[in-house]
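Come along while I look things up.

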Amino acid sequence: MTFFRWVDLENPIFKDDSYFAPWSPEALSTAMSQGTRICISSHFTVASTWRNAKGCSVKDVLGALIVERFLRSDCHTLVGTMRNDRGMNKFTYRFGAKPVERDAVHHGVPVDLIAFYRELCTRPRLSDDVESVVGRVTTAWK
(Lines give C-alpha, C1' and ligand atoms only; values in the text may rest on other atoms or scores of the structure.)
Protein backbone atom coordinates (compact mmCIF):
# COMPACT_ATOMS: atom_id res chain seq x y z
CA MET A 1 0.00 0.00 0.00
CA THR A 2 1.08 3.55 -0.61
CA PHE A 3 -0.65 6.89 -0.75
CA PHE A 4 -0.16 9.59 -3.36
CA ARG A 5 -0.79 13.30 -3.09
CA TRP A 6 -0.33 15.75 -5.88
CA VAL A 7 0.69 19.31 -5.00
CA ASP A 8 1.99 22.36 -6.80
CA LEU A 9 4.57 24.07 -4.63
CA GLU A 10 4.06 27.26 -6.59
CA ASN A 11 1.08 27.65 -4.26
CA PRO A 12 2.57 28.72 -0.88
CA ILE A 13 -0.10 26.88 1.12
CA PHE A 14 1.51 23.54 0.17
CA LYS A 15 4.94 24.61 1.44
CA ASP A 16 3.34 24.92 4.89
CA ASP A 17 1.89 21.40 4.65
CA SER A 18 2.89 19.26 7.65
CA TYR A 19 4.37 16.66 5.27
CA PHE A 20 7.20 19.06 4.56
CA ALA A 21 8.05 19.72 8.25
CA PRO A 22 11.44 17.92 8.02
CA TRP A 23 12.23 19.56 4.67
CA SER A 24 14.49 22.61 4.97
CA PRO A 25 13.96 25.48 2.52
CA GLU A 26 17.10 24.29 0.70
CA ALA A 27 15.72 20.74 0.44
CA LEU A 28 12.41 22.04 -0.94
CA SER A 29 14.28 24.18 -3.43
CA THR A 30 16.27 21.15 -4.56
CA ALA A 31 13.07 19.10 -4.91
CA MET A 32 11.64 21.87 -7.11
CA SER A 33 14.73 22.18 -9.32
CA GLN A 34 12.89 20.54 -12.24
CA GLY A 35 9.52 22.23 -11.59
CA THR A 36 6.91 22.87 -8.92
CA ARG A 37 4.44 20.02 -9.55
CA ILE A 38 5.26 17.40 -6.91
CA CYS A 39 3.97 13.89 -6.30
CA ILE A 40 4.22 12.80 -2.66
CA SER A 41 4.35 9.07 -2.04
CA SER A 42 3.92 8.11 1.59
CA HIS A 43 3.04 5.25 3.92
CA PHE A 44 4.76 2.58 1.83
CA THR A 45 3.94 -0.74 3.47
CA VAL A 46 3.59 -4.40 2.61
CA ALA A 47 1.42 -6.59 4.83
CA SER A 48 3.59 -8.74 7.09
CA THR A 49 2.22 -11.98 5.64
CA TRP A 50 3.42 -10.92 2.16
CA ARG A 51 6.89 -9.64 3.13
CA ASN A 52 8.63 -12.98 2.64
CA ALA A 53 6.10 -14.63 0.37
CA LYS A 54 7.36 -17.16 -2.17
CA GLY A 55 7.50 -15.97 -5.73
CA CYS A 56 8.20 -12.40 -6.72
CA SER A 57 9.01 -9.63 -4.26
CA VAL A 58 5.82 -7.72 -3.45
CA LYS A 59 8.02 -4.89 -2.16
CA ASP A 60 9.77 -4.64 -5.55
CA VAL A 61 6.42 -4.76 -7.36
CA LEU A 62 5.10 -1.89 -5.23
CA GLY A 63 8.31 0.12 -5.68
CA ALA A 64 8.16 -0.30 -9.46
CA LEU A 65 4.47 0.63 -9.57
CA ILE A 66 5.13 3.80 -7.56
CA VAL A 67 7.75 4.92 -10.08
CA GLU A 68 5.56 3.93 -13.04
CA ARG A 69 2.58 5.87 -11.65
CA PHE A 70 4.76 8.94 -11.15
CA LEU A 71 6.08 8.72 -14.71
CA ARG A 72 2.51 8.61 -16.03
CA SER A 73 1.59 11.78 -14.13
CA ASP A 74 2.30 15.37 -15.09
CA CYS A 75 4.45 15.96 -12.01
CA HIS A 76 8.05 17.08 -12.26
CA THR A 77 9.27 15.29 -9.13
CA LEU A 78 8.27 12.42 -6.85
CA VAL A 79 9.40 12.99 -3.26
CA GLY A 80 9.61 10.85 -0.17
CA THR A 81 10.73 10.97 3.45
CA MET A 82 12.41 7.58 3.80
CA ARG A 83 13.18 5.93 7.13
CA ASN A 84 16.83 4.94 7.35
CA ASP A 85 16.33 2.51 10.25
CA ARG A 86 14.02 0.44 8.01
CA GLY A 87 16.33 0.57 4.98
CA MET A 88 13.77 2.43 2.90
CA ASN A 89 16.35 5.00 1.86
CA LYS A 90 18.53 2.27 0.30
CA PHE A 91 15.46 0.69 -1.26
CA THR A 92 14.48 3.89 -3.08
CA TYR A 93 18.08 4.54 -4.22
CA ARG A 94 17.97 1.11 -5.86
CA PHE A 95 14.99 2.37 -7.88
CA GLY A 96 16.76 5.53 -8.99
CA ALA A 97 15.92 8.07 -6.27
CA LYS A 98 18.35 10.91 -5.68
CA PRO A 99 19.18 12.11 -2.16
CA VAL A 100 17.97 15.62 -1.41
CA GLU A 101 19.11 15.60 2.22
CA ARG A 102 20.59 12.69 4.12
CA ASP A 103 20.02 11.96 7.81
CA ALA A 104 17.34 14.54 8.51
CA VAL A 105 15.27 13.71 11.60
CA HIS A 106 11.53 13.15 11.45
CA HIS A 107 9.46 11.79 14.37
CA GLY A 108 12.71 11.12 16.20
CA VAL A 109 14.26 8.83 13.57
CA PRO A 110 16.83 9.50 10.84
CA VAL A 111 15.32 9.85 7.39
CA ASP A 112 16.63 10.62 3.93
CA LEU A 113 14.65 13.13 1.92
CA ILE A 114 14.63 11.76 -1.62
CA ALA A 115 13.46 12.75 -5.07
CA PHE A 116 12.83 11.07 -8.38
CA TYR A 117 13.16 13.72 -11.09
CA ARG A 118 11.15 13.08 -14.24
CA GLU A 119 13.99 14.12 -16.55
CA LEU A 120 16.49 11.85 -14.77
CA CYS A 121 14.25 8.93 -13.78
CA THR A 122 14.93 5.56 -15.35
CA ARG A 123 13.52 2.66 -13.37
CA PRO A 124 15.91 -0.29 -13.39
CA ARG A 125 14.75 -3.55 -14.88
CA LEU A 126 13.86 -5.98 -12.11
CA SER A 127 13.55 -9.76 -12.10
CA ASP A 128 11.37 -11.31 -14.81
CA ASP A 129 8.65 -12.31 -12.34
CA VAL A 130 8.42 -8.76 -10.93
CA GLU A 131 8.40 -7.23 -14.43
CA SER A 132 5.62 -9.62 -15.44
CA VAL A 133 3.38 -8.46 -12.61
CA VAL A 134 4.23 -4.78 -13.16
CA GLY A 135 3.51 -5.16 -16.88
CA ARG A 136 0.11 -6.71 -16.27
CA VAL A 137 -0.89 -4.01 -13.80
CA THR A 138 0.30 -1.07 -15.90
CA THR A 139 -1.41 -2.48 -18.99
CA ALA A 140 -4.68 -2.37 -17.07
CA TRP A 141 -4.10 1.35 -16.38
CA LYS A 142 -4.54 2.27 -20.06
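I started with I38, whose bridge partner in β3 is T77. This is a predicted model, so I read every entry as a feature of the prediction. Strand β2 (residues 37–42) runs parallel to β3, and I found three bridges between them.

Is β3 enclosed or open? Six of its seven residues are buried, so β3 is largely enclosed by the rest of the structure.

Next I looked at the other pairing of β3. Strand β3 (residues 77–83) pairs with β5 in the antiparallel sense, over seven bridges. I noted G80 here, as its bridge partner in β5 is I114.

Strand β5 spans residues 109–117, and eight of its nine residues are buried. I also saw β4 (residues 98–106) pair with β5, again in the antiparallel sense, over six bridges. In that pairing, V105 has P110 of β5 as its bridge partner. Two residues separate the strands in the hairpin of β4 and β5, and there H107 takes a positive phi near 55 degrees.

Is T138 buried or exposed? Its relative accessible area is 8%, and buried means under 20%, so T138 counts as buried. Leaving out residues up to four places away in sequence, I found T138 touching L65, E68 and R72.

Note on methods. Residues numbered from 1 in each chain as written. Predicted model: local features only at pLDDT ≥ 70, side-chain atom pairs only at ≥ 80, totals over all residues. Heavy atoms only, no water. Buried < 20%, exposed > 50% of the residue type's maximum accessible area, 1.4 Å probe, protein only. Helix = DSSP H or I, 4+ residues; strand = E, 2+ residues; numbered from the N terminus. Pairing = 2+ DSSP bridges. Contact = heavy atoms within 4.5 Å.
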